[in-house]
Amino acid sequence: MSDQELATINVTTLISNRDQSGRVHIEGPGVKLQLIADDARALAGNIAEAATFAEADAFLFAFARQTIGADVNAAAVLLSEFREFREARIGPRPEVPAMAEESGRVNQYVCRGSRGVITTANLVEGTTPFLVECRAKVGCTGMMESQFYRVDQSLAPGFEWFRPSLREAGKLGNAMVEHVKAGGLDLRPATPTAGGRD
Ligand SMILES: [Zn+2]
């Protein structure tokens, strides 16, 4: 399939230019996070917990099949009920804010189809997607790929990443609301007078 499935995620550390705090930098295709140490620990905790749950799910599924003699469908139902029970018992866990790309950074997206290029700037800190629908050429249905900020930072942006209000996001559907709640930004043509009014 795509080479993205074989890609690796790199975890490195750096010192923030802005406040000199230590940051954990996580980068891979479609992923670019800079987390303060506490959030990085919380993320690691969530991943470790998920690994434990994944094993527990597999054990339960095998137990249902082999010991109870459940068929695949019955085992799946049991697993689903077990997960709901577990979630209710544990309750909500702290969300890891995906504090990502810093405000003011300039990026480019290149279309896989038309090879068109757009330049973007981040008005506020937040997360941006690896792929966006082509905005370089009218009528193009291709997807544009992020260049991961490895572009000339003095380029003038034609588009800007901004943080919509939840009400604005709601007009674009539930997926956008979830995206914004998780720190995600939305893209619009650059507004010359805009300046981080977040
Ligand atoms: Zn295109």
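**Confidence**

- The mean pLDDT of the protein chain is 84, and 89% of its residues reach 70 or more.
- Residues 194–198 have a pLDDT below 50, and this stretch has 7 contacts in the model beyond near neighbours in sequence.
- Where pLDDT is low, predicted coordinates should not be read in detail.

**Overall layout**

- Starting at the N terminus, the elements of the protein chain follow the order β-β-β-α-α-β-β-β-β-β-α-α-β.
- Among contacts in the protein chain with a separation of 6 or more, 55% come from residues 24 or more positions apart.

**The six-stranded sheet**

- An open sheet is built from 6 strands in the order S6-S7-S4-S5-S8-S9, with mixed pairing.
- Strand S6 (131–133) and strand S9 (186–189) are at the edges; each has a single partner strand, so one side of each is without a neighbour in the sheet.
- From one strand to the next, the twist averages 35 degrees.
- As background, the strands of a sheet pair through backbone hydrogen bonds, in either a parallel or an antiparallel way.

**Strand S5 and its two partners**

- On one side, strand S4 (residues 106–111) and S5 run antiparallel and are joined by 5 bridges.
- Within this pair, Asn107 stands opposite Thr120 in S5.
- S4 and S5 also form a hairpin with 5 residues between them.
- In the turn of that hairpin, Arg115 has a positive phi of about 65 degrees.
- Strand S5 (residues 117–122) is also joined to strand S8 (residues 159–162) by 3 bridges, and these two run parallel.

**Helix H1**

- Helix H1 (residues 37–68) has 32 residues.
- From its first C-alpha to its last, H1 reaches 45 Å, close to the 46 Å expected at 1.5 Å a residue.
- H1 is hardly covered, as the count of buried residues among its 32 residues is 2.
- Gly69 follows H1 and has a positive phi, near 80 degrees.

- Most residues other than glycine have a negative phi.
- Phe148 has a positive phi of about 55 degrees although it is not a glycine.
- Phe148 is found in the loop between strand S7 (143–146) and S8.
- Because Phe148 has 13 C-beta neighbours inside 10 Å, it counts as partly exposed.
- Tyr149 lies in the loop between S7 and S8, and its phi is also positive, near 65 degrees, in a residue other than glycine.

Conventions. Residues are numbered from 1 along each chain as its sequence is written. This is a predicted model: local features need pLDDT of at least 70, side-chain atom pairs count only at pLDDT 80 or more; totals for chains, interfaces and linings use all residues. Two strands pair if DSSP finds at least two bridges between them. Helices (H or I, at least four residues) and strands (E, at least two) are DSSP runs, numbered from the N terminus. Axes are lines fitted to C-alpha atoms, for helices over the stretch in contact, and angles run from 0 to 180 degrees between N-to-C directions. The expected span of a helix is 1.5 Å times one less than its number of residues. A residue is buried if 20 or more other C-beta atoms lie within 10 Å of its own, exposed if 12 or fewer, and partly exposed in between; C-beta atoms are placed from the backbone. pLDDT is the predictor's confidence in each residue, from 0 to 100. Two residues are in contact if their C-beta atoms, placed from the backbone, lie within 7 Å.
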